[in-house]
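Colleague: Thanks for sitting down with me. Could you take me through this one and tell me how each label was reached?

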Amino acid sequence: MTILLSPSGLEMAQQLGQYPLVTDGVVDINQELQLQFKGSINGQEVIVSNYTVCADCCHMDLVSGDLQLVL
C-alpha cells in the first residue's frame with residue numbers, strides 16, 4: 001500500500017521528515033492492519049519498519065511500531 005502524495009505534499013514530507021503511514025477509509029471499523037514502511041534514497045532501500053494500526057468508528061490509532069525512525 002502506498003499513500004499517493006501530491007508533488008508539494010511529498011516535498012513537505014521530505015522537508016519535515018514526516019511521512020504518513022495510512023489514511024482514513026483504508027482500515028475498516030474495529031479492524032487491525034499490519035503495515036510496513038520502507039524508505040529509500042536514490043532508489044536504494046535504507047530503512048524498514050513494521051506497524052500495526054487499528055480503527056474505531058472515528059479514529060485511527062497506532063497499536064505498535066516506532067513513530068521516530070533514525071537512519
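This is a predicted model: local features need pLDDT of at least 70, side-chain atom pairs count only at pLDDT 80 or more; totals for chains, interfaces and linings use all residues.

Colleague: Why is Ser49 called buried?

Modeller: Buried means under 20% relative accessible area. Ser49 has 9% relative accessibility, so Ser49 counts as buried. This residue is found in strand S2, residues 44-55.

Colleague: What makes the pairing of Ser49 with Tyr51 a polar contact?

Modeller: The cut-off for the N or O atoms is 3.5 Å, and one of them must be able to donate a hydrogen and the other to accept it. The side chains of Ser49 and Tyr51 are joined at 3.4 Å, so the pair counts as a polar contact. Leaving aside neighbours within four places in sequence, Ser49 is also in contact with Leu35, Gln36, Phe37 and Leu69.

Colleague: Why is Gln36 called partly exposed?

Modeller: Partly exposed covers what falls between buried, under 20%, and exposed, over 50%. Gln36 has 44% relative accessibility, so partly exposed is the label for Gln36. Gln36 lies in strand S1.

Colleague: Which residues does Gln36 touch, not counting those up to four places away in sequence?

Modeller: Gln36 touches Val48, Ser49 and Asn50. With Asn50 there is a polar contact between the side chains, at 2.9 Å. That value lies within the 3.5 Å cut-off. As for Asp61, its C-alpha is 15 Å from that of Gln36, and the two are 25 residues apart in sequence.

Colleague: How do you know that Tyr19 can belong to a nonpolar surface patch?

Modeller: A patch residue needs over 30% relative accessible area. Tyr19 has 37%, so Tyr19 passes that cut-off. Leu5, Leu10 and Tyr19 make the patch, which is about 240 Å².

Colleague: Where is Tyr19 found?

Modeller: Tyr19 is in the loop between helix H1 (7-16) and strand S1 (32-41).

Conventions. Residues are numbered from 1 along each chain as its sequence is written. Side-chain values use heavy atoms; hydrogens and water are left out. Patches are made of residues with over 30% relative accessible area and no salt bridge: like charges are joined within 9 Å, nonpolar side chains (Val, Leu, Ile, Met, Phe, Trp, Tyr) within 5 Å. Accessible areas come from the Shrake-Rupley method with a 1.4 Å probe; for residues, only the protein chains shown count as cover. A salt bridge is a side-chain nitrogen of Lys or Arg within 4 Å of a carboxyl oxygen of Asp or Glu. Helices (H or I, at least four residues) and strands (E, at least two) are DSSP runs, numbered from the N terminus. Buried means under 20% relative accessible area, exposed over 50%, partly exposed in between (1.4 Å probe, protein chains only). Contact means heavy atoms within 4.5 Å.
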